[in-house]
Amino acid sequence: MCSSDLWARQHFKLSSAYASPGDFTPYPWQVEIINAIEKYDTVIICAAVQIGKSLIAEIATAWVIDCMPMNAMLCYSKREVVEEVFDERIMPLIKEVPAIRKYWSGREVDLTKKKIKLNHMYLRVASAEVPSDIATWSTGFIYADEVSKYRKRRDRKSTRLNSSH
């Protein structure tokens with residue numbers, strides 16, 4: 001298995017979604033978080049806004065795709081966010097980062113907002129607002145963004161994602 005921060009330095013490229021596309025050089029505080037994805041089952045990041053948490057999630061997702069392939073789900077609080085993230089982050093990640101692009105067939109039909117089909121795994125971008133987005137998907141890697149914004153379901157005390165723990 002490849003070390004996640006070493007992999008990120010060697011293989012992860014900032015896509016056109018970023019102000020300065022190109023090589024990734026982590027800040028020292030990011031290294032420990034990036035390495036946590038290979039050491040722990042659950043990693044929780046609580047941090048200030050606009051410091052690179054979403055970038056770390058992209059790196060973790062890309063590392064899983066390249067080094068530990070398994071079905072993966074990226075979950076966001078609202079449907080609109082799913083669409084924005086897919087268009088602005090996920091598509092550029094798959095199309096522009098060579099370490100990830102090699103797993104995509106190049107067919108647009110394999111790169112949709114509902115399901116991303118790679119040569120060796122599936123990736124789904126889901127909304128916490130849509131219980132079927134989460135409940136019907138078997139996955140080994142889950143990234144849940146801004147869980148404090150997930151609405152409580154009226155028929156249960158937690159969201160579908162929270163009740164899966």
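Modeller: I start with Gln50, which counts as exposed because its relative accessibility is 79%. The cut-offs here are under 20% relative accessible area for buried, over 50% for exposed and anything in between for partly exposed, with a 1.4 Å probe and protein chains only. The model is a predicted one, in which local features need pLDDT of at least 70 and side-chain atom pairs count only at pLDDT 80 or more, while totals for chains, interfaces and linings use all residues. Residues are numbered from 1 along each chain as its sequence is written, and side-chain values use heavy atoms, with hydrogens and water left out.

Gln50 sits in the loop between H2 and H3. Although Gln50 is not a glycine, its phi is positive, at about 60 degrees. Helices here are DSSP runs of H or I with at least four residues, strands are runs of E with at least two, and both are numbered from the N terminus. By that numbering H2 covers residues 28-39 and H3 covers 53-67.

Gln30 belongs to H2. With 3% relative accessibility, Gln30 is classed as buried. Apart from neighbours within four places in sequence, Gln30 is in contact with Phe24, Ile51, Gly52, Leu55 and Ile56; contact means heavy atoms within 4.5 Å.

Ile34 is another residue of H2. Its relative accessible area is 1%, so Ile34 is buried. Setting aside residues up to four places away in sequence, Ile34 touches Ser4, Asp5, Phe24, Pro26, Ile56 and Ile59. Val81 lies 47 residues from Ile34 along the chain, and the two C-alpha atoms are separated by 23 Å.

Asn35 also lies in H2. Asn35 counts as buried at 13% relative accessibility. Beyond neighbours within four places in sequence, the contacts of Asn35 are Ser3, Ser4 and Asp5.

Two packed helices are described by the angle between their axes and the distance between the axes. H1 spans residues 4-11, and its axis comes within 7 Å of the axis of H2, crossing at roughly 115 degrees. That angle makes H1 roughly perpendicular to H2. Axes are lines fitted to C-alpha atoms, for helices over the stretch in contact, and angles run from 0 to 180 degrees between N-to-C directions. Angles under 35 degrees count as roughly parallel, over 145 as roughly antiparallel, 65 to 115 as roughly perpendicular, and the rest as oblique.

From H1, the residues in this contact are Ser4, Asp5 and Arg9; from H2, they are Val31, Ile34, Asn35, Ile37 and Glu38. By class, the contact of H1 with H2 holds three nonpolar, two polar and three charged residues. Ala, Val, Leu, Ile, Met, Phe, Trp, Tyr, Cys and Pro count as nonpolar, Asp, Glu, Lys and Arg as charged, and the others, Gly among them, as polar.

H1 also meets H3. Their axes come within 10 Å and cross at roughly 95 degrees. H1 is therefore roughly perpendicular to H3. Here Ser4, Trp7 and Ala8 of H1 meet Ile59, Ala62, Trp63, Asp66 and Cys67 of H3. The contact of H1 with H3 has six nonpolar residues, one polar and one charged.

On a 1 Å grid over the protein atoms alone, a pocket is an open set of points with protein on both sides within 12 Å along at least five of seven lines, and lining residues have an atom within 4 Å of a point.

The largest pocket is lined by 50 residues, of which Ile45, Ala57, Tyr143, Ala144 and Asp145 are the closest to its centre. H2 is one of the elements that each supply at least two residues of this lining, while the largest share, 10 residues, comes from H3. The lining divides into 31 nonpolar, nine polar and 10 charged residues.

Note on methods. On a 1 Å grid over the protein atoms alone, a cavity is a set of points where a 1.4 Å probe fits but cannot get out, and a pocket is an open set with protein on both sides within 12 Å along at least five of seven lines; lining residues have an atom within 4 Å of a point.
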